[in-house]
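Please examine the structure shown below.

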Amino acid sequence: MFPEIIDTNPLRNAIDDGLNWVVRNWGDGFTAAAKPLLDFLNLVQHLLLATPWWLIFVILAGIAWLATRRWQLPVVVVVALLFLGVMDLWEDAMVTTALMITATLTTIVIGLPLGIIMARWARVRHVLTPILDLMQTLPSFVYLIPAVMIFGPGKIPALLATIVYAAPPLVRLTDLGIRQVDPAVMEASRAFGTNPTQRLFGVQIPLAFPTILAGINQTTMMALAMVVIASMIGAGGLGYQVLQGIGRLEVSRGLFAGLGIVALAIIFDRITQAYGRRLQGRIGIAEAR
Amino acid sequence: MRISWKSVLAGVALAAAATVSMPAQAQDATACGTDKKIDIAEMTWPSAAALAHIHAIILDKGYGCNVEVVAGDTVPTSASMLARGTPAVAPELWTSSITRQWNEGLDDGSVVELGDAITDGTIEGWFIPRYTQEANPELKTVQDVIAHPELFPDPEEPDQGRFYSCPPGWTCELAGTALFEALDMDATWNLFSPGSGGALAASISRAFEREEPILFYYWGPTALLGKYDAAQLDLGEVKPDVYACNTDPECEDPPGVTAYPSSPAIVGAASWVKDEAPNVAEYFGKVGLSNAEISKLLVYGDENNADAEATALNFLKTEKDTWTKWVPADVAEKVEASLG
């Protein structure tokens with residue numbers, strides 16, 4: 001065994017006591033700070049639950065048609081939605097979708113600027129890359145239980161966990177997309193006398209957009225992958241059905257709810273991918289890549 | 001790798017010696033009795049984890065058994081024990097959530113109950129913090145608390161009260177949901193499921209640290225109830241029939257109000273343990289601890305950030321009077337010698 005160099009107990013006690021101190025004294029502050037996020041999530045959820053089911057069918061199938069201009073994808077979307085409805089998973093699916101949409105939008109707001117900054121300054125990239133690795137590999141319960149103690153159980157820690165897990169791909173792919181813009185194109189834009197801001201918004205971001213969209217697609221998928229974990233801290237939704245199925249050895253319940261998550265994943269994955277392909281086609285780099 | 005004849009011969013000789021000495025060992029009250037690996041299930045909650053390590057040390061050092069501690073949880077461990085006879089021993093098995101399968105196993109002889117894990121029964125019920133009860137002395141029974149949802153507001157819906165129920169899939173989730181319905185709480189209360197045991201404990205701990213009121217379900221013996229002073233609410237008398245129906249998803253009758261019966265936590269084992277290692281079976285017949293003793297054990301682990309094994313070692317070092325009664329004197333000596 002490795003020799004005991006220092007006694008780690010004082011350190012561990014200090015961390016535990018420190019957390020309790022934060023919970024006692026700053027709990028209200030943290031909860032208030034996260035309130036706008038919670039309000040936004042509740043708004044999305046109420047909106048989704050208040051919308052009649054057929055309208056959601058029409059909207060999602062319409063978006064799918066606009067993305068592909070073909071009949072195949074809308075049919076897939078309608079079948080997936082029918083599965084959710086028929087299997088009595090509609091309400092849970094909407095709760096899960098609300099969490100996923102809120103997490104994805106928040107991730108875009110945070111992740112895009114981060115990715116751009118990383119592409120711009122190599123030093124920031126050197127600092128952020130290991131942090132992103134950490135966010136993806138640290139077992140989520142390690143930071144979830146402290147988050148539950150600080151924010152209380154429910155949607156806020158679930159949202160945080162989802163963002164922490166789902167943000168890295170978007171940040172990484174934004175960074176990559178911007179850095180991969182053809183140097184010749186950059187050279188040309190410089191020759192036209194553009195300033196860095198014009199180059200960023202006029203050249204780099206538009207050309208990187210398909211890659212960024214791939215990042216958003218990945219973020220959506222990872223947010224959906226987190227729903228079971230999110231349910232373990234009181235977020236409800238499809239993951240809760242999965243947990244109930246596992247706990248009671250009701251394989252069927254777990255399987256249907258699990259397939260419900262897959263159905264949601266298919267809908268959002270195919271729609272974002274289709275938009276990505278359309279964009280690539282429009283920019284004219286579909287063949288070049 | 002080439003096999004050397006010498007080692008094969010030595011192995012044969014050893015095996016022969018072992019066979020010859022078997023009957024002698026079986027008579028000895030301090031021998032393990034079996035060469036088979038006795039795998040002890042370490043459940044996910046602290047009391048069962050500490051018990052698993054205590055028994056593993058005593059069987060290993062005292063009886064010289066081939067012991068291994070394996071991770072487990074109520075449903076997977078019992079399912080595997082019933083089907084394949086491994087893990088061999090579950091030192092704190094709550095059979096209330098697996099009644100049907102467990103009783104079938106007892107009937108067909110695949111498993112046995114070696115003894116009680118917790119001698120004075122287990123606690124289960126609805127609690128509020130002691131400071132909340134002191135501030136509102138009228139809150140004695142569950143009905144008193146239900147009349148005051150405004151004291152326990154739900155942060156996500158402040159005009160309703162929030163009751164912290166059980167994680168999904170646990171039997172207590174069914175019981176909690178049935179009581180919630182039977183007590184007509186739906187209009188003024190929200191049933192909140194924390195999603196996992198960890199999240200439930202963290203929510204309760206948060207409330208106690210902040211001295212906030214909270215109405216929650218919990219069970220004992222646990223470190224949490226040992227650490228925080230909670231008042232159990234009176235749920236009236238135990239009605240076993242009503243409880244059985246409340247916790248059976250197939251039962252059609254409307255849910256009724258009943259207290260939680262003290263559910264049995266036993267030492268469950270695969271039946272080969274009793275047949276092949278009678279000394280070990282006899283040992284497990286004596287190892288019951290009371291709620292107070294287990295809480296004491298757990299509070300040590302909690303306050304010192306000790307893991308299950310360190311908690312077990314501390315128990316063996318400090319509670320000699322308790323555990324030396326479980327074993328013959330020379331086994332106790334061997335265990336003590338190993339503790340150093």
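In chain B, 44% of the 340 residues are buried, a residue being buried if 20 or more other C-beta atoms, placed from the backbone, lie within 10 Å of its own. The model is predicted: local features need pLDDT of at least 70, side-chain atom pairs count only at pLDDT 80 or more, and totals for chains, interfaces and linings use all residues. Residues are numbered from 1 along each chain as its sequence is written, while chains are lettered from A and ligands numbered from 1 in the order in which they are written.

Chain B has 16 helices and eleven strands; these are DSSP runs, numbered from the N terminus, with helices (H or I) of at least four residues and strands (E) of at least two. Its C-alpha trace spans about 80 × 45 × 40 Å along the principal axes.

Chain A comes to twelve helices and zero strands. Of its 289 residues, 39% count as buried.

Two packed helices are described by the angle between their axes and the distance between the axes. In chain A, helix α7 (residues 155-179) and helix α9 (residues 196-225) pack at an angle of about 160°, with axes 8 Å apart. Here axes are lines fitted to C-alpha atoms, for helices over the stretch in contact, and angles run from 0 to 180 degrees between N-to-C directions. The angle therefore makes α7(A) roughly antiparallel to α9(A), a term for angles over 145 degrees. Residues in contact have C-beta atoms, placed from the backbone, within 7 Å; among those joining the two helices are Leu170(A) of α7(A) and Ile212(A) of α9(A).

Note on methods
Parallel < 35°, antiparallel > 145°, perpendicular 65-115°, else oblique. Buried ≥ 20, exposed ≤ 12 C-beta atoms within 10 Å, placed from the backbone.
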